[in-house]
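Please open the model in your viewer and keep a selection tool at hand. The stops below proceed from one selection to the next, with a note on what is found at each.

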Amino acid sequence: MKVNELKQLIKEEIDNVFLSEKLGVPSNITRVGSQLFDEYLAYVKGANRPLDLKTQPLNANDSDNGFDIADLHIDNISIETNIDDRYNELVFAGMGVASLQRFKSNSNLRLLPPQDLDQFKNMEMAVRLGAPSSVEIDDIYNFLIANKPEIVGSFAHELKHWYDGYKNVGGIKAGDRAKYAAAINFPDRSIGPVNDFIYMLYYISGIESLVRASELAAEMEDQGLTKKDFYDYLIQNKVFKELKKIKEWSYEKFREDLKQHISTITSILKQTNTSTKGLSEDQLIDRFLEILLYSFTRSQIDELINIIQDPLNIAHMFSSLFGQPTTTEEDKEAFEKQVKLMTRFGVDYGKYFKYNEKLFHMLGDNVIKKISKTYDLLPD
């Protein structure tokens, strides 16, 4: 190879790295996502029964070389497998990753990464599957192969969460984490439109929006797509479809959809000792939305309290043991300010849902534009 040709190859590689970072896809993250899939597949193939997966986590270390994502080096990735056997068929139920960010006093109510960033060299995550109790290892192995692009994308998704925690030395607002956790943990109301709305709050959150481009890029790279394939692939992709659904969500249609669940809504109102006698459908929905707004606001505040009183925070644990307050006056003021922000809609559910309608439209459009730029990462 001639010197000029070598220089050109090096230049193209550097340009690709800069472009990848600019689009929110850290260099090498798609490759590591694919590596993790291969290691996980081999791990499943080597198991004798599904119970082995649940009791013996995979420790992925790429033959002791570790994994590099941009400037982050990871020595080991521990992957647990959770199998919920209440399903009638095998399904991929998602993944999750541990967080090293912890609440720190006098930080204006923020969760900060550890001072020792070497802790990010050891990552913990989990793969969640749903399956019937009769599922066999071969079933899981074949399922993983059949759904490889989605699962590779999910590995990249969780790797990006881990990378974001490493890079964001300023941490994240405890209020944002609380709203995110409340959306994840909010109880199923057995009402489709409500479950969809809560899921959208989670999906479009700032925490999740940061990882979508990496997820999509990994899926496309795994399938060897080129620029000419991009449009057709994008409009059929589940990420794009969910973002489009969020962008098109409306409070008016939400109310109309709730009318298909009046019997369930009436039952919930009676359980809360709310009188339903003589109320029209719209009035029943009004009362229900008041309760829903109160319940979700309460969940956000509870999650915020859990974050502040995190039992894994050693400093807080010791101060509690010795009878000292676990927060400072500055923390209390910041907490009260955050609660005031969370409760700013009061019982005005109409104002709350119309606010989120505008927010969904804006954020949905912004994230669609962002993931559309992954086109530039594909080969011609």
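## First stop: helix α2 and its partners

Helix α2 passes helix α5 in a right-handed crossing, where right-handed means that the near helix is turned clockwise from the far one by less than a right angle, and left-handed that it is turned anticlockwise. This is a predicted model, in which local features need pLDDT of at least 70 and side-chain atom pairs count only at pLDDT 80 or more, while totals for chains, interfaces and linings use all residues. Residues are numbered from 1 along each chain as its sequence is written, and side-chain values use heavy atoms, with hydrogens and water left out. Helices (H or I, at least four residues) and strands (E, at least two) are DSSP runs, numbered from the N terminus.

Select α2 together with α5 (residues 148-167): the two pack at an angle of about 120°, with their axes 8 Å apart. The axes are lines fitted to C-alpha atoms, for helices over the stretch in contact, and angles run from 0 to 180 degrees between N-to-C directions. That angle makes α2 oblique to α5, given that angles under 35 degrees count as roughly parallel, over 145 as roughly antiparallel, 65 to 115 as roughly perpendicular and the rest as oblique. To see the contact (heavy atoms within 4.5 Å), show Ile29, Val32, Gly33, Ser34, Leu36, Phe37 and Tyr40 in α2, which meet Lys148, Ile151, Val152, Phe155, Ala156, Leu159 and Lys160 in α5. These residues divide into ten nonpolar, two polar and two charged, where Ala, Val, Leu, Ile, Met, Phe, Trp, Tyr, Cys and Pro count as nonpolar, Asp, Glu, Lys and Arg as charged, and the others, Gly among them, as polar.

Now select the open sheet of four strands, whose order is β1-β4-β8-β5, with mixed pairing; two strands pair if DSSP finds at least two bridges between them. Because β1 (58-60) and β5 (86-97) stand at the edges, each with a single partner strand, one side of each is left without a neighbour in the sheet. The twist averages 20° from one strand to the next.

Strands β4 (residues 76-84) and β8 (residues 122-132) run parallel and are joined by nine bridges; in β8, alanine 126 is the bridge partner of glutamate 80. Helix α4 (residues 137-146) packs on the sheet, touching β4, β5 and β8, and its direction makes about 60° with that of β5. Strand β1, by contrast, runs antiparallel to β4, with three bridges between them.

## Third stop: single residues

Select serine 154 in helix α5, which counts as buried at 10% relative accessibility; buried means under 20% relative accessible area, exposed over 50%, and partly exposed in between (1.4 Å probe, protein chains only). Serine 154 touches Phe92 and Met95, not counting residues up to four places away in sequence.

Finally, go to the loop between β6 (102-104) and β7 (110-112), where asparagine 106 lies. Asparagine 106 has a positive phi of about 55° although it is not a glycine, and is partly exposed, with a relative accessible area of 43%. Leucine 109 is found in the loop between β6 and β7 and has a positive phi near 60°, but leucine 109 is buried, with a relative accessible area of 5%.
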